Amino acid sequence: MSCSCSYDPIDDYPDVWDVTTPKARVEHVCCECGVTIAKGEFYQRIKSLYDGYWMTHITCSPCAEIRPVFCSNVEQLRDKVTDAVRDNYVPWAALGELSKPAREKVCGWIEERWEGMEDV
Ligand SMILES: [Zn+2]
């Protein structure tokens, strides 16, 4: 899957960026959607060095799949999805290539966004 967004590399890239997909030995919480990643499930672990500080972000498999579609940094995925809905720029073709759990997660966030718009 390719990414065609423009991205300012000056401030936002960490010095070290290591992505692995380990199997959970203990429960984790996804940094994007807050779901519990059960022991035995695969998840995405991003270890990064940014301005001299090490950070680790744990992401569930569906969110890890969704992130490149929306060119999102960590902990911004849900906002990126709802911004895309607001701006009428949802990458529908790329969403169609996601797994069913990932598509359902995106659709849930879009549905919540629409429900929020009704309240305004
Ligand atoms: Zn998640």
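D79 sits in helix 3. Helices (H or I, at least four residues) and strands (E, at least two) are DSSP runs, numbered from the N terminus. This is a predicted model: local features need pLDDT of at least 70, side-chain atom pairs count only at pLDDT 80 or more, and totals for chains, interfaces and linings use all residues. Residues are numbered from 1 along each chain as its sequence is written.

D79 counts as partly exposed because it has 14 C-beta neighbours inside 10 Å. A residue is buried with 20 or more other C-beta atoms within 10 Å of its own, exposed with 12 or fewer, and partly exposed in between; C-beta atoms are placed from the backbone. The C-alpha atoms of D79 and R113 are separated by 9.9 Å. Along the chain, these two are 34 residues apart.

Which residues of helix 3 are buried? In this helix, residues 77-86, they are L77, R78, V81 and A84. They cover an arc of only 125° around the axis, so they lie on the same side of helix 3. The arc is that of the directions from the helix axis to the C-beta atoms. These buried residues pack against helix 2 (61-66) and helix 5 (100-118).

## The nonpolar core

The largest nonpolar core has 13 residues. Such a core is a set of buried Ala, Val, Leu, Ile, Met, Phe, Trp, Tyr and Cys residues joined through C-beta atoms within 7 Å. Among those with the most contacts inside it are I66, L77 and V106. Helix 2, helix 3 and helix 5 each give two or more residues to this core.

Leaving aside neighbours within four places in sequence, I66 is in contact with L77, L98, A102, K105 and V106. Contact means that the C-beta atoms, placed from the backbone, lie within 7 Å.

Most residues other than glycine have a negative phi. C71 is not a glycine, yet its phi is positive, about 50°. C71 lies in the loop between helix 2 and helix 3. With 15 C-beta neighbours inside 10 Å, C71 is partly exposed.

N88 is not a glycine either, and has a positive phi of about 55°. N88 is in the loop between helix 3 and helix 4 (92-96). Is N88 buried or exposed? N88 counts as exposed, because it has 6 C-beta neighbours inside 10 Å.

Technical notes: Two residues are in contact if their C-beta atoms, placed from the backbone, lie within 7 Å.
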